Amino acid sequence: MLDILLDILSWILLLGGALFLLTGAIGVLRFPDFYSRLHAVSVCDTLGAGMVLLGLMLQGGLTLVTVKLMLIFYFMVFSGPTAVHALAEAAQVSGLDPVEDDREDG
Amino acid sequence: MYAIATILILVAIAVGLVRAFRGPTLFDRVMAGNMIGTLTVLLVAVLGFMNGRPEFLDIALVYVLISFISTIAVLRVYVSRHDHADTD
Amino acid sequence: MQHLVDIVLLGLLMITGFAIVRMRSLLAVTMLTSIYSLFSALLFVVLDAVDVALTEAAIGAGISTILLLATVALTTEYEKVPSHRSLLPLLVVTLTGAALIYGTLDMPHYGDPNAPVHRHVAPDYIEDTPEEIGVPNVVTSVLASYRGYDTLGEVTVIFTAGVGVLALLGVHLRKRTEQPSDYHKLVVLRVIAKLFFPLILLFALYVLFHGDYGPGGGFQAGVIFATGFVLYALTHGLGNAERVIPPALLGILAAAGVLLYSAVGIEGMLLGGKFLEYNVLADDPVSGQHLGILLIETGVGITVAAVILIIYFGFVSRRPGGADAQDPS
C-alpha cells in the first residue's frame, strides 16, 4: 500500500516538475524583456528541478543514487539563483534597462 | 512515465534553444544556455532511471558544476571587458 | 523511444551547429559551443558510452568553454564580416562532405554485432577483464592496463602542451601589476564559490578513485579538479588563486604526474615484469592490477589538472592590451 502511494506521489512529482520545466521554457521564449525572462528561468531552476529530483529520489529509495540526487539538488539550489543573480547584475552593469509598460491606462 | 517526462524536457530544451538563437542580448543567450544546462542535468537523471542505470548521475553532477562555472565565466569576461572599456 | 531521443538530439546538434556558424558575437558563440558539447554528451549517454559522456561534459562543455572565453577576453568581441564571398572553400567543403557521406555507405549498420570493431580485440578485453584485472568498468581496464602505453603517450602529449604554453606565455616569469579589482563586489558569488570549492575537489577525488567501478578516471578527475580552481580564480581574483596554488608548483606537479606514471612502469620492470606490467606489483596479480591502475590514474589526474591550470593562468594573466580597441560600430 505504502509502495503504491509512494509510486503515485513520485509520478505526480516527476510529471508536475517536467510540466513546470516546460512552462519555464515557454516563459523564457514568450516574456517581453530580459528581466522578466529571468523569472521564468527561476521556475525551471527551483520548482521544476526540485520536483523532478524529488520524484526520482522517491523512486531511488534509500541508496547511493538518492544521495547523489540530493547532491545534485544541493548544487542546483545554490547555483541556479546565483547564476540568475550574476546575470541580472551583469545586465544592469551593462546598462540594459527593463522594458516598462508604456500603455496608457485610463 | 519516464518517457513522458523525457519528451517534456526535450521540448523544453528545444524551446530554450530558440531563445538562445534569438537573443537579442548576450544575457538572453547566456540565460538560455544556463537553462538548457539545468534541463540537460534533469534529462540525464531521468534517462538514467528510464534505462535502469542510475549510475549516470555522476555525469549529471558534473553538468551542474560545469554549467554553473561556465555561466559565471562568461559573465566575468563580459563585465571585466566592459569595465576596462569604461576606465580607458 | 530510444530512436526518438536519438533523432531529436541529432537534430538539436545540427541546428546548434548552423547557429554557431551564423552568429557573430564571439561570447554568444562560445556559449553555444558549450551547449553543443552538452548535446553531444547527452547523445553519448543515450548510446551508453558513459565514460565518453563524462569526458565530453568535463572537457568539451567545461574546460574548452573556459579556455575559449579566456581567449575571447584577449581579442575582439565580434567576428569580422568577411569582405568577399569565395566559392572555392564552399566547393571544397561540399566535395569533402559528399566523400564522407559516400564513405559511410560502406560502414556496418548501427549496433551490428558482426562489425569489425566488435570482432577484433574487444571480445577478449570484455571476457578477460573480470579474471585478469578484476575491475567492473571495462573502459578503465582497457585504458589503464591493456592500453597502458597509449595512455602514457597521451599524458606525455598533455604534459608537452603544458610545457609549450609555459614556454610561449611564461606564466611565472612575468611580474604582473595587480588589476584594479572589483572582486569585493562579488559577495554572493564568493560565498557560493567557497561553498562549492571543497565539494568540487571532493567530487574530483571520488571520480578519480571510483573510476574502476563507474564512469570516470584520471582525465575527468583532473579536469574537475582544475575547474574547481578556475571557479576560485573567477570569483576571488587571479592573484589569490595563484597564492593558493603557485604557478611554479603547477610546473612541478605536471612533471610529477608523468613521472609517477613512468615510475610505476619501471617499478614493474625492477620487480621482474615488463614495462607497465602491474601483475608483479603485489602478491597476487589482481590486486597488483588494482594498485597499478590506481597509481597511474592518480598520475594522469595530477598532470591533467596541473596542465589545464597552467594553460588557464597563462591565458588569463595576459590582459588585453591595445588589441581591444576596435569594436565594430
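**The lining of the largest cavity**

Author: The lining of the largest cavity comprises 3 nonpolar, 5 polar and 1 charged residues. The model under discussion is predicted. In the whole structure, a search finds 2 cavities of 30 Å³ or more, and the largest has a volume of about 90 Å³.

Residues of chain A and chain B line this largest cavity: A:Asp45, A:Met76, A:Ser79 and A:Gly80, together with B:Asn34, B:Thr38, B:Val64, B:Ser67 and B:Phe68. At least two lining residues come from each of α3 of chain A, α2 (26-50) of chain B and α3 (57-87) of chain B.

The two chains also share an interface. Chain A contributes 40 residues to the contact and chain B contributes 41 residues. Between them they bury about 3700 Å², with 86% of it on carbon and sulfur atoms. On the side of chain A that touches chain B, 32 residues are nonpolar, 5 polar and 3 charged. The rule finds 2 salt bridges across this interface; one of them joins the side chains of B:Asp28 and A:Arg37 (2.4 Å, N to O).

The second largest cavity holds about 60 Å³ of space. Its lining includes B:Asn34 and B:Ser67 from chain B, and C:Met31 and C:Leu38 from chain C. Here α3(B) gives the most, with 4 residues. By class, this second lining has 4 nonpolar, 7 polar and no charged residues.

Methods. Residues are numbered from 1 along each chain as its sequence is written. Chains are lettered from A and ligands numbered from 1 in the order in which they are written. This is a predicted model: local features need pLDDT of at least 70, side-chain atom pairs count only at pLDDT 80 or more; totals for chains, interfaces and linings use all residues. Side-chain values use heavy atoms; hydrogens and water are left out. Contact means heavy atoms within 4.5 Å. Buried area is the accessible area (1.4 Å probe) that two parts lose on being put together, summed over both. A salt bridge is a side-chain nitrogen of Lys or Arg within 4 Å of a carboxyl oxygen of Asp or Glu. Ala, Val, Leu, Ile, Met, Phe, Trp, Tyr, Cys and Pro count as nonpolar, Asp, Glu, Lys and Arg as charged, and the others, Gly among them, as polar. On a 1 Å grid over the protein atoms alone, a cavity is a set of points where a 1.4 Å probe fits but cannot get out, and a pocket is an open set with protein on both sides within 12 Å along at least five of seven lines; lining residues have an atom within 4 Å of a point. Grid points are joined across faces, edges and corners, and a volume is the space filled by probe spheres set on the points.
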